[in-house]
Amino acid sequence: MLEGSRTIFSAGTFQFQTKHLLVIAILALAFSAALIMRFYPIKYGFVLNEFDPYFDYRATQFILDNGLDAYWQWHDEMSWYPEGRNVPATSQSVLHITAAYMYQVFGGGMSLLDFTIIFPAVMGSLTVVVIFALVRVLGGTTAGLFSALLFAFSPSIIQRGNLGWFKSEPLGLFFGLLAIYLFISAIKHKEIKYAIPKAIAGGLILGLANGSWGGVQYFAIPLAIFFIALPFFRRDLTIPMYVVIAFTVFSLLSAAAFPRPGISYVLGLPGIAMIGGTVFLVIANFIRRIGGPRKQQRNTLYLLVAFIALAAGIVAAGAYVAPSFRYINAINPFVGSDNFLVESVAEHFTPTVADYFTDFSILLMFAGLGIWLAFRRRDDTAIFALIIGLTGVYVSATFARLLVFASIGIIVLAGLGLYEVTRSILAHREAAAQTSAASAASRATALTREERRKAEYGGFRTRSGQMVRIAYVVVVIMMLSIPLFWPSNASWISSADVPAAIANGGTGFRTSTDDWTEALDWISENTEPDAVVASWWDYGYWITTLGGRTTLADNATINSTRIETLAKMLISDQESGLKIANDLDADYIVVYVVGQIRLYGSPAMLNGTAGSNSTEQIPLYTLGQGGDESKKQWFMRIGGFDESRYIHNDGFTPTPAFWNNTLLGKLFPFSPASYVMFGGDGGIQNIRNVSQGWQQGFVGLYTQDIKYPADGGPDQPLHLVYASPSYVDEENIAFGVFVYEINQDYVPRPVGDPYAPQEREPEPIQTPTPANVTAPVTSNEIAVLETTQGQIKIEFFPEAAPGHVENFIDLANSGFYDGVLFHRIQPGFVIQGGDPLTVNGTDRNVWGTGGPGYMIDEEFNDISHDRGIVSMARAQDPNSAGSQFFIVLDGDASDKGTLDNRYTVFGRVIEGMDVVDKIAALETTQLNAQTSVPSDPEQARIISIKIEQR
């Protein structure tokens, strides 16, 4: 469709024409645009981005310093102390090897660090050329050029291949797409002598791609599906069969040659899928030689059914090397995760529909046209484009990190769609031109030379033709430019404007700070060379690479038990946390807290303990922009702690128990000063002092408060030996990196086993059952519970538990209980409800962790937990009841007796125990060893609770 057939020069039979010059120019433009977009973060500093690139840089340096043979034997003792890490078996070896050898060839005197910072941006920009080549063989040169330009600006791909992103994706995608291009190009060849070498090269490169990035295993899905689809869309299967065999064999051999993915790739689902698809194609080729076309089609369908049944049997029997949960979840998005460690990783969040519209915008419309084109053409290349588009979107629906595959699929389809629109418009003008030319030919003797030239070149040489072309180009440019700039805070360009994590501390601020680099320099220069540093696993790569010190965990997540232990260390009380730190041989603990000064004032005044004439002015901070203060809930979940004890029901604000009873709370050099409600103008509308406690809608204000000062006495368990400059100098934003030295002479004395699982729910244990001494005094007020199973009436025991009765009545009158579930159903034991997180929440893992935002003291009494008794649920702390209550069912007396004098009885069911029994009989799903939840939540919902007089 590109014009320009004038030959510029010839080389044998090849003629280099003006249209080739145009293609090169557009590709150069796409490459330049891609490079500019990927270099956008340079304004924040010329540094490696994120966490993993620091380890990959360190591994590449190891190859250059010690050679490849030493690399294959490298057991890194500075990571995951004391066990260490087998580097080749647990990392992307191809990335390290490729970068090392490319640096030796193209380094040009620059440092390896500078080379690795530039490397991902250059590789990502070169992939523009590869995507052009791939789409060109799928749909033509014009479609390829469209896709190259779209790839240059794709947000999901830029964010995982910009300046400093020396990680798996840029090289993995380059190799993976190059392999796919060679495969498709081989399939299209009509001579086997050209097809097989391309297939072999493609297979080898796909193996390199898998050794560069584990995510490349995705390509096994569209490839296997395409192998199976070929017999249905191509008549001659001879060359495709040989191509597929060569491609599969060499890709498996290449992948197996590296420790990662190794033989697990061949024997895992990706390898089995490719092998299965290849075998299917070979058998189908032989079946096609038997009988007529109708019989061939029927037999191929029978074969497909047999292979589907065989695949289901292999999966059901587990006859494969099981991949990690992430890959299983990508194939089957309906598999839920109960692994808090996986869920805590930001790149593992599930994309929403809004994310797709933000990332792809107008491309979705053109991709739809590409789908229509594929269905209309129904040839093998069109079907492959359709497969890679649909599977890319499918797998990306699980993890945000996999949006790169949705981007590739949508870009391929959008390129084809744009080509189809362009071709259709131009074809209409060309048809008009041909009609005009035919008419002119009948009057050839009457035409002048100029008239014959106009007839030859068609309607686009006319004024109307020129206007159509210009209008079309303007409209397309405008449509594609909209997502570049709008919406301003979520445009394609703004998505590239992301600081490196170490430059902004991994926060949401688009700024640059030296806090982390200075802290790591301090660690390198002021701690012992053999020191062991404990921190949350996010920072392990930074501490090891830039700080030069041994760490207990890093982003490789090799040992989830170790990460769980670190979570226990931080969330346990001081004595238990220090015992764990000592057991891990830690010498220092590093925590990271982000605070922002919201105003200057007097905390004494805000707390109501000083008059308005106080002149004390100190900074008051709000906390929470990406440091450990924003991750603490994940520490609790991973460590198995009761989150509701330490965090209010806004899911963020720490409770007094966090500040007073956790090591992390004491390591944070802040303390609550007050709780305030901000208005729309940013001003303070309401204030609650610390003694009044937090309330919904309020935000905590904090003052600096170092609990373990550097000059503390010899009996102090920890000493703060380093604090970030932005914290010391009281800058607007404190990117607070704090290094604590552990006092090795301090002997921690934990109460109980610090590694023991934390109690979340009341569990039946064998204890004696106390007898009821006297009948409880009841009140004139009763609670009427309207549930989806009927009405339940409860009377109260105000003398036995006055605080609990008052609390329940206040919550009921405020509408707090309206819509909550009986979220825990233990037949024969209890049904439990009152958690506000169950009103609209679908995440069953957090059911049972919510509350009203405060806790009330225990009021244990002598009332036995007999059938129909209503009692308050709580966490491990006896004084941690809030809003959750349970109703006792029939069951073993010893089981019910275990609750006596451990949970506060405050009422009893007087009508509706049949309704309670209906709820207890509902079908349930086992959430964990202690908790079963209703399978259909709507069957166990409390519609309302009203307080009435008897």
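A residue counts as buried when its relative accessible area is under 20%. The views below show a predicted model.

**View 1. Thr-98 in helix α5.** Thr-98 belongs to helix α5, which spans residues 93–106. With a relative accessible area of 16%, Thr-98 is buried, because that value falls under 20%. A polar atom of the Thr-98 side chain lies 2.7 Å from the backbone oxygen of Val-94. When neighbours within four places in sequence are left aside, Thr-98 is in contact with Leu-171 and Phe-175.

**View 2. The packing of helices α2 and α5.** Two packed helices are described by the angle between their axes and the distance between the axes. Helix α2 (residues 52–66) packs with α5 at an angle of about 60 degrees, and the two axes are 9 Å apart. The two helices are therefore oblique to each other, and their crossing is right-handed. From α2, the residues that take part are Phe-55, Asp-56, Ala-59, Thr-60, Ile-63 and Leu-64. They meet Leu-95, His-96, Ile-97, Ala-99, Ala-100, Tyr-103 and Gln-104 of α5. By class, the contact of α2 with α5 contains 9 nonpolar, 3 polar and 1 charged residues.

**View 3. The packing of helices α1 and α7.** Helix α1 (residues 18–38) and helix α7 (residues 141–152) have axes 8 Å apart and pack at an angle of about 15 degrees. Because angles under 35 degrees count as roughly parallel, α1 is roughly parallel to α7. The crossing of this pair is left-handed. On the α1 side, the contact is made by Val-23, Ile-26, Leu-27, Ala-30, Ala-33, Ala-34, Met-37 and Arg-38. On the α7 side, Thr-141, Leu-145, Ala-148, Leu-149, Phe-151 and Ala-152 take part. The contact of α1 with α7 is made up of 12 nonpolar, 1 polar and 1 charged residues.

**View 4. The packing of helices α11 and α14.** The axes of helix α11 (residues 220–233) and helix α14 (residues 269–287) come within 8 Å and cross at roughly 10 degrees. The helices α11 and α14 are therefore roughly parallel to each other. In α11, the residues in contact are Ala-220, Leu-223, Ala-224, Phe-227, Ile-228, Leu-230, Pro-231 and Phe-232. Their partners in α14 are Pro-270, Ala-273, Met-274, Gly-277, Thr-278, Phe-280, Leu-281 and Ala-284. The residues of the contact of α11 with α14 comprise 14 nonpolar, 2 polar and no charged.

View 5. Thr-527 is located in the loop between α26 (515–526) and β5 (532–534). Its relative accessibility is 7%, and Thr-527 therefore counts as buried. A polar atom of the Thr-527 side chain lies 2.5 Å from the backbone oxygen of Ile-523. The side chain of Thr-527 is also joined to that of Arg-549 by a polar contact of 2.8 Å. Not counting residues up to four places away in sequence, Thr-527 touches Trp-522, Arg-549 and Tyr-588.

**View 6. Helix α31 and the glycine that follows.** Helix α31 (residues 628–639) is mostly covered, with 11 of its 12 residues buried. Among the buried residues of α31 are Asp-628, Glu-629, Lys-631, Trp-634, Phe-635 and Arg-637. The helix α31 is followed by Gly-640, which has a positive phi near 80 degrees.

View 7. The peptide bond from Tyr-81 to Pro-82 is cis, and its omega is near 0 degrees. Pro-82 is part of the loop between β3 (75–76) and β4 (85–86). Arg-260 and Pro-261 are likewise joined by a cis peptide bond, with omega about 15 degrees. Pro-261 sits in the loop between α12 (238–256) and α13 (263–267).

View 8. Glu-50, a residue other than glycine, has a positive phi near 60 degrees. This residue, Glu-50, is placed in the loop between α1 and α2, and it is buried, with a relative accessible area of 18%. Arg-378 is not a glycine either, yet its phi is positive, at about 55 degrees. Arg-378 occupies the loop between α19 (363–377) and α20 (380–396). With a relative accessible area of 53%, Arg-378 is exposed.

How values were computed. Residues numbered from 1 in each chain as written. Predicted model: local features only at pLDDT ≥ 70, side-chain atom pairs only at ≥ 80, totals over all residues. Heavy atoms only, no water. Helix = DSSP H or I, 4+ residues; strand = E, 2+ residues; numbered from the N terminus. Buried < 20%, exposed > 50% of the residue type's maximum accessible area, 1.4 Å probe, protein only. Polar contact = N/O pair within 3.5 Å; in protein donor to acceptor, adjacent residues only side chain to side chain. Contact = heavy atoms within 4.5 Å. Axes fitted to C-alpha atoms, helices over the stretch in contact; angles between N-to-C directions. Parallel < 35°, antiparallel > 145°, perpendicular 65-115°, else oblique. Nonpolar A, V, L, I, M, F, W, Y, C, P; charged D, E, K, R; others polar. Left-handed = near helix turned anticlockwise from the far one by under 90°.
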